[in-house]
Amino acid sequence: MSPSPQIHDLTSWLPQGAEPLIIAGPCSAETREQVLQTGRQLARLSQVKVYRAGIWKPRTRPDGFEGVGEEGLKWMRELKAETGLQLTTEVANPHHIELALKHKIDMFWIGARTVVNPFSVQELAEALKGVDVPVLVKNPLTPDLKLWMGALERIHKAGINKLAAIHRGFHYFKQSPYRNAPMWEIPIELRRLLPSLPVITDISHITGRRDLLQSVAQKALDLETNGLMIESHIDPEHALTDADQQISPSDLEKLLATLIVRERTGSIDFQHKLEELRTEIDKLDGELMQLLARRMEVVGEIGAYKKENNITILQLKRWKHMIEDRLAIGMSMGLDREFLLLLLELVHETSIQLQTRIFNQDRD
Ligand code: PEP
Ligand code: MN
């Protein structure tokens, strides 16, 4: 994809000295107390410059909590008057934009479910004509960079040049520890194509769980993100939406204190190549684990078979032959002899342990 000529020089609108920009607040505004109490605590953290809260919630099924609507905007406005925090909320149709403008919301974000639909994005773009409000565009649910860029371009063409992208991870059909797989190579490619576009990483929707937030935040910073979006709730366990991934403001404070903002190093091309190679390593390690797991399964089957036939676990002749055979294969592929020996012994020892457990089953 060729670089889009329209989007340029956008970093200037980020609040002064606020890089990395930290946007924090609950997934959803729920009650006046929850909005105000969460916001007051967040306002005490010097790094937090923008308060987020969802007012209209896109839900998979119709019976869930769908947000408090306009009432919530009044609570947010009250919070801003009290703390000075800037405000952002999700807008998904022109009516949302109208209400958010009426209540002086400072920035809008467009959610992942809206970005997948160019009709909806175009409708938002029309409604944003003549409006001077920064717009943050989340990546679409699917790993489709063109769709993401298309949405940014539509909004930009409507005259919005205070733009940023939000990386919130992608639906992924394979097993992954994340709620939405980060696929870092995609935001990196976006930055390569649009170098002046700020990118903010939504670590809450990437991870879907509290225990992974810190590592993903640090990784995002190491990849030179311009900011983090983090869901924070005064009582995360009882949040009406996304309870598993929200953290209290005090836990957010601890998390932020652990983060290291490093000197910017390397060109985008360097990072891009590095990330490609790392992705390759991640894939290979995954395959290695699958092979090892499959190998242990077969070892278990052999163990059960030996037991049935009353044959000893350790077959020295076979083991000696295996070592020689594997060493020869491995060394012919350029692998170090000592490394191979260590690895083979470890694998063998673990296999014997497994078979011993199988032999001892039902003995007591
Ligand atoms: C959110 O930020 O609460 C949200 C609904 O996000 P996304 O559109 O990324 O799922
Ligand atoms: Mn959420």
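**A metal site, an aromatic pair and a helix residue**

Trainee: Where does E71 lie?
Mentor: E71 lies in helix α2, residues 70–83; helices are DSSP runs of H or I with at least four residues, strands are runs of E with at least two, and both are numbered from the N terminus. This is a predicted model, in which local features need pLDDT of at least 70, side-chain atom pairs count only at pLDDT 80 or more, and totals for chains, interfaces and linings use all residues. Residues are numbered from 1 along each chain as its sequence is written, chains are lettered from A and ligands numbered from 1 in the order in which they are written, and side-chain values use heavy atoms, without hydrogens and water.

Trainee: Why does E71 count as partly exposed?
Mentor: Because its relative accessibility is 40%; buried means under 20% relative accessible area, exposed over 50%, and partly exposed in between, with a 1.4 Å probe and protein chains only.

Trainee: Next, which residues donate to the manganese ion (ligand 2)?
Mentor: The protein donors are C27 (SG), H205 (NE2), E231 (OE) and D242 (OD), at 2.1 to 2.4 Å. Donors are N, O and S atoms within 2.8 Å of the metal (3.2 Å for Na, K and Ca); water is not among the atoms, so sites may look incomplete.

Trainee: What do C27 and E231 tie together?
Mentor: C27 lies in the loop between β1 (21–25) and α1 (32–43) and E231 in strand β8 (residues 227–231), so the pair joins parts 204 residues apart in sequence.

Trainee: Are those two buried or exposed?
Mentor: Both C27 and E231 are buried.

Trainee: And how many aromatic pairs does the structure hold?
Mentor: One. The ring centres of W148 and F170 are 6.4 Å apart and the planes stand at 75°, so the pair is edge-to-face. Rings of Phe, Tyr and Trp (its six-membered ring) pair if their centres lie within 6.5 Å; planes under 30 degrees apart count as stacked, over 60 as edge-to-face and the rest as tilted.
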